[in-house]
Amino acid sequence: MSEHAPWLDTATGALRRGAFDAHTAEAVRHARRTGQALSLVWVDVDDLLEQNDLHGREELDRAIEWIVSTLGALVDGAGPIGRVCGGAFAVLLPGADRTRALEVSEGIRALVSRQDHRSAWGDYRLTVSVGVASLRGGEPWGNFLEAAEAACLRAKQGGRDGVVAR
């Protein structure tokens with residue numbers, strides 16, 4: 001896949017960070033021109049290293065691929081999904097205000113936490129921490145991304161398996 005689509009993460013099909021950043025910058029410009037709402041959801045798998053140690057990399061890669069697929073189905077093509085680092089993904093939601101972004105975020109958090117996964121070492125469930133940012137007037141795209149990531153960090157610090165909006 002990477003030969004034909006170097007902007008895609010081969011494990012998940014999500015955009016690589018650079019491509020996602022470019023989409024984010026363009027989406028911010030578009031939202032400013034049109035006055036359309038724009039939100040960003042940052043989803044980070046909780047306890048990723050511990051889960052990797054317990055169930056193995058291949059199994060965890062399958063679980064992460066499922067998370068990205070589920071996120072894609074939940075947003076139904078509303079915006080691109082990017083793999084922003086290891087077990088963290090972000091999705092742009094053009095036209096989505098804070099309320100809609102929180103609905104999407106809670107939906108993905110709930111779906112992930114209910115999904116059973118199996119490995120040679122037993123059944124397990126994953127959880128995700130989710131951060132939400134809605135674009136503010138005049139906000140640079142980099143700050144917009146950082147706000148969603150910071151909100152996700154607050155969700156992790158608050159006990160994981162939660163959603164926090166700035």
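Is Arg109 buried or exposed? In this predicted model, where local features need pLDDT of at least 70, side-chain atom pairs count only at pLDDT 80 or more, and totals for chains, interfaces and linings use all residues, residues are numbered from 1 along each chain as its sequence is written. Side-chain values use heavy atoms, with hydrogens and water left out. Arg109 turns out to be buried, at 14% relative accessibility (buried is under 20% relative accessible area, exposed over 50%, partly exposed in between, with a 1.4 Å probe and protein chains only).

Arg109 pairs up with Asp161 in a salt bridge, 3.0 Å from N to O (a side-chain nitrogen of Lys or Arg within 4 Å of a carboxyl oxygen of Asp or Glu). Arg109 sits in helix 4 (residues 98-114) and Asp161 in the loop between helix 5 and strand 7 (163-165), so the pair ties together parts 52 residues apart in sequence. Helices (H or I, at least four residues) and strands (E, at least two) are DSSP runs, numbered from the N terminus. Asp161 itself is partly exposed, at 29%. Salt bridges with shared partners also join Glu26, Arg29 and Arg33 into one network.

The whole structure holds 15 salt bridges. One of them links Asp46 and Lys156 at 2.7 Å, N to O. Since Asp46 lies in the loop between strand 1 (38-45) and helix 2, and Lys156 in helix 5 (residues 141-157), the pair ties together parts 110 residues apart in sequence. Asp46 is buried at 2% relative accessibility, and Lys156 is buried at 15%.

Asp46 also shows up among the contacts (heavy atoms within 4.5 Å) of Gln51, beyond its neighbours within four places in sequence. Gln51 lies in helix 2 (residues 48-55) and is buried at 11%.
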